[in-house]
Structures are given as C-alpha cells and as structure tokens.
Amino acid sequence: FLRNPLADASLLGIGPGAALFAVIAISFGFTAAHFLAIPLFAILGAVITILFLNLFLKGQYNPLRLIL
C-alpha cells in the first residue's frame with residue numbers, strides 16, 4: 001500500500017486512531033459487556049482510519065505528499 005519507508009502506522013495516524021477507539025470502548029463501558037471489546041474497537045478504529053486516509057487521498061496518492 002505505502003511504498004514510503006517513513007510512512008509508519010503512528011505517523012499516518014492509524015495507531016492513534018486505534019487507541020482513540022479503545023479509549024471510547026473503555027469510556028462507554030463496553031468492556032463490562034465483553035472482554036474482547038477493547039481489541040475489537042481498536043481494530044475498528046484502525047480500519048476506519050485507513051478508510052478515511054484512502055478516501056482523503058483518492059486520486060491524488062503520492063507517498064511523499066502523504067508524509068508531508
């Protein structure tokens with residue numbers, strides 16, 4: 001997907017997006033309902049962040065521009 005070695009998950013916001021959704025799961029008490037709520041919400045947050053990046057960069061994908 002990304003051919004730029006500088007474009008890691010934390011720089012693109014994928015890791016923070018996953019962390020945000022994990023915090024949302026904890027804040028709204030979804031962890032009391034099921035023990036897999038935190039990892040599932042984190043995966044969902046990472047996927048939503050990736051989809052947002054694809055939507056935002058549609059048609060104008062340039063690895064250098066993505067970093068800058």
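How many aromatic pairs does a search of the whole structure find? In this predicted model, the search returns 2 aromatic pairs. A pair of aromatic rings is described by the distance of the centres and the angle of the planes, and both values are given below for each pair.

Phe28 is exposed, its relative accessible area being 63%. Phe30, with a relative accessible area of 36%, is partly exposed.

Phe30 also pairs with Phe41: the centres of these rings lie 5.0 Å apart and the planes are at 20°, so the pair is stacked, since planes under 30 degrees apart count as such. Phe30 belongs to helix H3 (residues 30-33) and Phe41 to helix H4, so the pair ties together parts that are 11 residues apart in sequence. Together, Phe28, Phe30 and Phe41 make up one aromatic cluster.

In soluble globular proteins, nonpolar side chains tend to be buried together. Here the largest nonpolar core consists of 7 residues, namely Leu12, Ile14, Ala18, Ala22, Ala42, Ala46 and Leu53. At least two residues of this core come from each of helix H2 (14-27) and helix H4 (37-56). Ala46, one of the core residues, is in contact with Ile14, Gly17 and Ala18 when its neighbours within four places in sequence are left aside.

How values were computed: Residues are numbered from 1 along each chain as its sequence is written. This is a predicted model: local features need pLDDT of at least 70, side-chain atom pairs count only at pLDDT 80 or more; totals for chains, interfaces and linings use all residues. Side-chain values use heavy atoms; hydrogens and water are left out. A nonpolar core is a set of buried Ala, Val, Leu, Ile, Met, Phe, Trp, Tyr and Cys residues joined through side-chain atoms within 4.5 Å. Buried means under 20% relative accessible area, exposed over 50%, partly exposed in between (1.4 Å probe, protein chains only). Helices (H or I, at least four residues) and strands (E, at least two) are DSSP runs, numbered from the N terminus. Contact means heavy atoms within 4.5 Å. Rings of Phe, Tyr and Trp (its six-membered ring) pair if their centres lie within 6.5 Å; planes under 30 degrees apart count as stacked, over 60 as edge-to-face and the rest as tilted.
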